[in-house]
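Subject: Handing over the model

Hi,

Here is the structure I promised to pass on.

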Amino acid sequence: MVGVAVYVLVDVVLQFLPPHYSVVSDAESNLAVGPFGWIMNLNFLGRAVTTMCAIAAMNRVGRVSRLRRTGTLFLGIGGLCSAVLAFFPTDVGVESGLSPATVAGTVHLYVAGTGFLAALVGIWVLTKWMRSGPGFRSAYPTIVFFAALATAGFASLGLTAVSGQNLLGLAERVCLAGVLGWVLVVCNAIRRLSRRSGPIPPASTAISGQAPPSAGTTVQGGQRNVGS
């Protein structure tokens, strides 16, 4: 949750630093090119760490299932793609990076697209997994809202790539708002769940659904006898 807040804060601060890219027409990746670009590259790495922390939190609640494994796999791919972006700067120019002129710009474009798509798939699969989880019941409508917002942003990215790039930056930031908002709400729901139920037990205990016998207790004939 702290990682999400830091990522947004750094983005906002960089918008006010030279070379003053447009939040509406310029891609977020442009912030990583310029005298303060190294800060945005660290932010990309921070987003990857934030994603992995969110995955670790989700892996400690609920039962192990195919939906959770699949969803966290795709979300993890999205996080790793964010880390890769820090090492391949985008091409800043008239085409705003969608028609790259260098190898680094080409890698950045395809990795960024793959990361957005993978994160979106992971979010929807995990949203379906959370539907049956009692710990997410109260937050579920908000979770679905941010998943839908991320989808709308991603669809807008596709439209801007075809029809024109004047709103490219806005579309990308809408998609990011959906992804980061989803992570924030989900992690907050897990935090509330852990506060209500106490420390989350190890996976082996959670799967078995049984606690080990306490001291002074013996098990005979399938029944528990408590000593005096």
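Start with Arg47 and Glu28: they form a salt bridge, and their closest N and O atoms are 3.8 Å apart. By salt bridge I mean a side-chain nitrogen of Lys or Arg within 4 Å of a carboxyl oxygen of Asp or Glu. By that rule the count comes to one. The pair links distant parts of the chain, with Arg47 in helix H2 and Glu28 in the loop between helix H1 (2–15) and H2, 19 residues apart. Helices here are DSSP runs (H or I, at least four residues), numbered from the N terminus.

Before going on, bear in mind that this is a predicted model: local features need pLDDT of at least 70, side-chain atom pairs count only at pLDDT 80 or more, and totals for chains, interfaces and linings use all residues. Residues are numbered from 1 along each chain as its sequence is written, and side-chain values use heavy atoms, with hydrogens and water left out.

Pro19 sits in it, and the peptide bond from Pro18 to Pro19 is cis, with omega near 15 degrees. His20 is in that loop too, and it has a positive phi of about 60 degrees although it is not a glycine.

Now the helix packing. Axes are lines fitted to C-alpha atoms, for helices over the stretch in contact, and angles run from 0 to 180 degrees between N-to-C directions. H1 and H2 pack at about 160 degrees, with their axes 9 Å apart. That makes H1 roughly antiparallel to H2 (the term covers angles over 145 degrees). Their crossing is left-handed, that is, the near helix is turned anticlockwise from the far one by less than a right angle.

Next come H2 and H3, at an angle of about 165 degrees and with axes 7 Å apart, so these two are roughly antiparallel to each other. H2 passes H3 in a left-handed crossing.

Helix H3 (residues 66–85) also packs against helix H4 (residues 103–130), at about 155 degrees with axes 7 Å apart. H3 and H4 are therefore roughly antiparallel as well, and H3 passes H4 in a left-handed crossing. The residues of this contact divide into 16 nonpolar, eight polar and two charged. For these classes, Ala, Val, Leu, Ile, Met, Phe, Trp, Tyr, Cys and Pro count as nonpolar, Asp, Glu, Lys and Arg as charged, and the others, Gly among them, as polar.

Last, the cavities. A cavity is a set of points on a 1 Å grid over the protein atoms alone where a 1.4 Å probe fits but cannot get out, and lining residues have an atom within 4 Å of a point. Volume is the space filled by probe spheres set on the points, which are joined across faces, edges and corners. The whole structure has two cavities of 30 Å³ or more.

Cheers

Definitions and conventions: Parallel < 35°, antiparallel > 145°, perpendicular 65-115°, else oblique. 1 Å grid on protein atoms, 1.4 Å probe; cavity = no way out; pocket = protein on both sides within 12 Å on 5 of 7 lines; lining within 4 Å.
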